[in-house]
Amino acid sequence: MELSKDAIDGIANILNTNVITDDNFSQILETAISCIYESPSEIKCTIKTSDSKPILTKKAFTDVICLLIEASRHDLDEENLRNFLNLIYIDEKRISKLCEVYINNKTAIQSQLELIGNNPSHIIDIDWHLDYCVKLDTCDSLGVPLYHVRLSTKKHETINYVTFSCTIQQLQDLVFKLKDVIRYSEKLTNV
């Protein structure tokens with residue numbers, strides 16, 4: 001897991017009950033989870049600090065968000081997260097609370113993380129059929145096979161379809177280009 005030293009120091013402040021009370025800690029966790037769930041345009045994350053150190057409370061809040069996101073990103077289980085937090089010397093009661101909140105919200109956080117970015121859609125299926133075009137409006141006789149291809153793509157749990165028609169030569173070109181991509185990808189993974 002990749003957290004900056006500054007973030008780790010901020011998480012270590014959670015141990016200090018003089019800085020962050022138990023009620024404040026619970027509020028930080030609830031607000032952090034709600035901020036992760038909301039879309040960026042709707043973020044209104046506010047923490048009502050009743051203590052004398054509001055800056056440290058807000059810092060701990062942002063560090064808890066970083067911790068939850070990084071743990072979800074690396075798909076940590078409860079034991080690995082607990083071991084990481086024990087290295088920072090956080091109170092066992094607060095570690096248990098953090099781990100409970102993390103495990104209960106892990107899949108939802110990961111779903112939110114998938115919505116970030118502009119990755120291309122994944123091809124999940126392909127359907128095709130062959131037609132034989134005998135005649136077109138523009139000429140009397142053509143006599144060529146015509147392939148109709150439909151790619152099923154998936155992005156953010158949404159399935160879309162890309163449909164196109166091509167001749168046998170165009171289809172062979174597509175297949176050769178795809179084989180080149182596969183070879184190139186294999187070279188990259190072997191390096």
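Helices (H or I, at least four residues) and strands (E, at least two) are DSSP runs, numbered from the N terminus. I note first that this is a predicted model, in which local features need pLDDT of at least 70 and side-chain atom pairs count only at pLDDT 80 or more, while totals for chains, interfaces and linings use all residues. Residues are numbered from 1 along each chain as its sequence is written, and side-chain values use heavy atoms, with hydrogens and water left out.

**Entry: helix α3**

I looked up glutamate 70 and arginine 73, which both belong to helix α3 (residues 54-73) and stand 3 residues apart, about one turn of the helix. Their side chains form a salt bridge at 3.5 Å, N to O; the term means a side-chain nitrogen of Lys or Arg within 4 Å of a carboxyl oxygen of Asp or Glu. Glutamate 70 is buried at 14% relative accessible area, whereas arginine 73 is partly exposed at 48%. Here buried means under 20% relative accessible area, exposed over 50%, and partly exposed in between (1.4 Å probe, protein chains only).

Isoleucine 65 is also found in helix α3. I have it as buried, with a relative accessible area of 17%. Leaving out residues up to four places away in sequence, isoleucine 65 touches Ala32, Cys35 and Ile36, where contact means heavy atoms within 4.5 Å.

**Entry: arginine 94**

I found arginine 94 in helix α5 (residues 92-114). Is arginine 94 buried or exposed? Arginine 94 is buried, at 2% relative accessible area. Its side chain has a polar contact of 2.8 Å with the side chain of aspartate 22. A polar contact is a pair of N or O atoms within 3.5 Å; within protein, one must be able to donate a hydrogen and the other to accept it, and residues adjacent in sequence count only if both atoms are side-chain atoms. The charged end of arginine 94 sits over the ring of phenylalanine 25, 5.0 Å from its centre. For this, NZ of Lys or CZ of Arg must be within 6 Å of the ring centre and within 35 degrees of the ring normal.

**Entry: further salt bridges**

I count 9 salt bridges in the structure. One of them joins glutamate 92 to arginine 82, with the closest N and O atoms 2.8 Å apart. Glutamate 92 lies in helix α5 and arginine 82 in helix α4 (residues 78-87), so this pair ties together parts 10 residues apart in sequence.

Aspartate 127 and arginine 150 form another, at 3.3 Å between the closest N and O atoms. This pair links distant parts of the chain, 23 residues apart: aspartate 127 is in strand β1 (residues 122-133) and arginine 150 in strand β2 (residues 144-155). Arginine 150 also lies over the face of tyrosine 161, 4.3 Å from the ring centre.

**Entry: rings**

I found 1 aromatic pair. The rings of tryptophan 128 and tyrosine 147 have centres 6.0 Å apart and planes at 50°, so the pair is tilted. Rings of Phe, Tyr and Trp (its six-membered ring) pair if their centres lie within 6.5 Å; planes under 30 degrees apart count as stacked, over 60 as edge-to-face and the rest as tilted. Tryptophan 128 is exposed at 56%, while tyrosine 147 is buried at 14%.
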